[in-house]
Amino acid sequence: MAAVGPARNTWQPLQQTCTRSLQRMGKKLPFSSFQFGNIEVNSVLVAAPMDGISDSAFRCILRRQGAALCYTEFINAQDVLNHSILFRRKLAAVREEEHPIGFQVYDADPNAVVAAAQKLTRFKPDFIDINIGCSVARVANRGAGAGLLLEPEKIAEIFDRLTNTLSIPITAKIRLGWDESHSNYLEISHLIETHGGAMIAVHGRTRQQGFQGKANWDAIREIKKEISIPVIGNGDVKRVDDIHAMLAETRCDGIMIGRAAIANPWLFSMRDRHEIANAEVYALIQEQLAMMIADYEEEPALLLFRKFINHYLTPLHLDRSQKTALFDHRTAKSLLRAIEELLDL
Ligand SMILES: Cc1cc2nc3c(=O)[nH]c(=O)nc-3n(C[C@H](O)[C@H](O)[C@H](O)COP(=O)(O)O)c2cc1C
């Protein structure tokens, strides 16, 4: 397994390059920076952790577009402690350009979370993030992820123990509560701050909502008003206008973008999907696929890349047979040739 490189601040030149190219495009940048712990974040744009999506290749794509901060997909503490293959796959290829990066851990048992986080420092994460928001039943119903929202004393214990033993910042990603009648986000946010947490990302929904309804940005604003560590707002940022709107409405320090980034990685360079020329779409596909092949080898990479093709090619409105044909390619070369044709290049 390739260990994470020790490089620090290699992302700063990258961010500057990105800033310059955006400025050349005449884009207005919401690039006020913020700091948590010893980490300076040079833009407000943060890439959300997404299990099955945010691997190293995708994180690099988003960083190159302008994401100032990223996280690994969530990592089951038990997998870390049991040396599971899943854990190794998730960490196998963190590239230097991904720093600063947070490794996200989840479990219901504070002992496991603490031991796993301590073990993960071997891979030189810039920060450790505790998942207090996953709503998936197999996670939340056993008390992990959003399940922890029902047991604040466990959250306090995790933050106490980690902030007392590790020198890197410990952060949290939370939801607003278990359900509407247990919307304890203010209590949880205060508790995380009091027990040494360095930053909180808030997905503005309860566990019960899953991904339904509209994210509650008012709650994010309330949290921002109440605590003094940085707050990252998250939920339903789909277009450039939403970035400006969330910043204005919540006054939060950063904007975390998840699902919209799958369809439009260019959102991190403040561009909506219709602004992207086909040649640029093709270049990004080539770039991501090459990194995935380096990480997984060709056949697995092609399988994993299926998740992205549909999204990247959404404006083409491909029919079912065209999509199936794309999925049938067995080499990157033939897939790329087919995409080139579809994009009329
Ligand atoms: C496929 C998928 C996987 C996700 N995996 C994670 C995860 O590993 N850790 C986490 O904290 N949140 C995870 N989330 C939640 C996102 O980080 C984010 O909070 C949520 O999608 C709302 O933001 P959005 O409206 O910008 O998508 C996931 C979401 C999706 C759609």
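Of the 345 residues of the protein, 47% count as buried. A residue is called buried if 20 or more other C-beta atoms lie within 10 Å of its own, exposed if 12 or fewer do, and partly exposed in between, with C-beta atoms placed from the backbone. The structure is a predicted model, in which local features need pLDDT of at least 70 and side-chain atom pairs count only at pLDDT 80 or more, while totals for chains, interfaces and linings use all residues. Residues are numbered from 1 along each chain as its sequence is written.

**Overall form**

The protein has 15 helices and eleven strands. These elements are DSSP runs, H or I over at least four residues for helices and E over at least two for strands, numbered from the N terminus. The radius of gyration is 20 Å, which agrees with the value near 20 Å for a compact globule of 345 residues. That radius is taken over C-alpha atoms, and the globule rule is 2.2 Å times the number of residues to the power 0.38. Along the principal axes, the C-alpha atoms fill a box of roughly 55 × 45 × 40 Å. Among contacts between residues at least 6 apart in sequence, 69% join residues at least 24 apart. A contact means that the two C-beta atoms, placed from the backbone, lie within 7 Å.

**Ligand shell**

The ligand is surrounded by 22 residues, and the closest are A48, D51, F74, G258 and R259. By class, the shell has nine nonpolar, eight polar and five charged residues. Ala, Val, Leu, Ile, Met, Phe, Trp, Tyr, Cys and Pro count as nonpolar, Asp, Glu, Lys and Arg as charged, and the others, Gly among them, as polar.

Two strands pair if DSSP finds at least two bridges between them. Strand β11 (254–257) pairs with β3 (residues 45–47) in the parallel sense over three bridges. Strand β10 also runs parallel to β11, again joined by three bridges. M256 in β11 is the bridge partner of V46 and also of N234. Both faces of β11 are covered, with G254 and M256 buried on one side and I255 and I257 buried on the other.

Strand β9 is likewise covered on both faces: I200 and V202 are buried on one side, A201 and H203 on the other. Its parallel pairing with β8 (residues 170–174) runs over three bridges, and A172 stands opposite I200.

In helix α9 (residues 217–226), W217, A219, I220, I223 and K224 are buried. They cover an arc of only 155° around the axis, which puts them on the same side of α9. The arc is that of the directions from the helix axis to the C-beta atoms. The face turned away from this buried side carries the exposed residues D218 and K225. The buried residues of α9 pack against α8 (185–194), β9 (200–203), β10 (231–234) and α10 (240–250).

In α10, the buried residues are I243, M246 and T250. Their arc around the axis is only 70°, which puts them on the same side of α10. An α-helix has 3.6 residues a turn, so residues three or four places apart point the same way. D241 and A248 are exposed on the other side of α10. The buried residues of α10 pack against α9, β10 and β11.

**Loops and backbone geometry**

The loop between α10 and β11 holds R251, a residue other than glycine with a positive phi. D344, in the segment after α15, also has a positive phi although it is not a glycine. H329 sits in the loop between α14 (320–327) and α15 (332–342).

| Residue | Other C-beta atoms within 10 Å | Class |
|---|---|---|
| H329 | 17 C-beta atoms | partly exposed |
| R251 | 13 C-beta atoms | partly exposed |
| D344 | 7 C-beta atoms | exposed |

Phi is near 60° in R251 and about 60° in D344. Not counting residues up to four places away in sequence, H329 touches L302, S334, L335 and A338. H329 and I276 are 53 residues apart in sequence and 25 Å apart in space, C-alpha to C-alpha.

A cis peptide bond joins H99 and P100, with omega about 0°. P100 lies in the loop between α4 (85–91) and β6 (101–106).

Definitions and conventions
Near = placed C-beta within 6 Å.
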